[in-house]
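Hello,

Here is the structure I promised to hand over to you. Have a look at it first, and then read on for what turned up.

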Amino acid sequence: PARLVNPPSPLLLLMPEPIANGAKEGGERRLTTSQRLQLLKGAAGIYFFFIQYGKLQEGIFKYRSPTGKKFDAVWFLQLIDAAANVL
């Protein structure tokens with residue numbers, strides 16, 4: 001019968017090169033504590049700035065001018081945002 005092989009962990013695929021002292025049989029690589037912390041900091045940064053971005057966008061959508069006019073060019077803001085992401 002065929003032997004099932006477990007796929008590698010997604011965290012292992014993020015590593016640029018093998019770690020000599022952490023390699024196991026079969027070439028599996030393990031993350032060091034420093035690399036795990038670096039990955040955690042990066043993920044936390046993404047969430048932090050995504051939430052900040054959402055708060056700024058919400059402020060723009062809720063804005064009313066002194067005359068009471070509401071911001072209604074949402075499509076234009078999304079177009080500018082998409083263009084900025086391409087650059």
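**What I found**

Let me start with Phe49, which counts as exposed at 57% relative accessibility. In this scheme, exposed means over 50% relative accessible area, buried means under 20%, and partly exposed lies in between, with a 1.4 Å probe and protein chains only. Phe48 counts as partly exposed, at 44%.

Before going further, a note on the source. This is a predicted model, in which local features need pLDDT of at least 70 and side-chain atom pairs count only at pLDDT 80 or more, while totals for chains, interfaces and linings use all residues. Residues are numbered from 1 along each chain as its sequence is written, and side-chain values use heavy atoms, with hydrogens and water left out.

How confident is the predictor? The chain has an average pLDDT (the predictor's confidence in each residue, from 0 to 100) of 79, and 68% of the residues score at least 70.

As for the overall build, the chain has three helices and zero strands, in the order α-α-α from the N terminus. Helices are DSSP runs of H or I with at least four residues, strands are runs of E with at least two, and both are numbered from the N terminus. The chain has 87 residues, of which 6% count as buried. Its accessible surface is about 8100 Å², with 65% of that belonging to carbon and sulfur atoms; such areas come from the Shrake-Rupley method with a 1.4 Å probe, and for residues only the protein chains shown count as cover.

Back to the aromatic rings: how many pairs are there? The count comes to three aromatic pairs. In one of them, the ring centres of Phe48 and Phe49 are 5.0 Å apart and the planes stand at 85°, so the pair is edge-to-face. The rule takes rings of Phe, Tyr and Trp (its six-membered ring) with centres within 6.5 Å, calling planes under 30 degrees apart stacked, over 60 edge-to-face and the rest tilted.

Next come the charges. One salt bridge (a side-chain nitrogen of Lys or Arg within 4 Å of a carboxyl oxygen of Asp or Glu) is found in the whole structure. Lys62 and Glu58 form it, at 3.0 Å from N to O. The two are four residues apart in helix α2 (residues 33-62), which separates them by about one helical turn. Lys62 is exposed, at 61%, whereas Glu58 is partly exposed, at 41%.

Gln57 also has its place in helix α2 and is partly exposed, at 22%.

Finally, take a look at helix α3 (residues 74-86), where Ile80 lies. Ile80 is partly exposed, with a relative accessible area of 43%.

Enjoy exploring!
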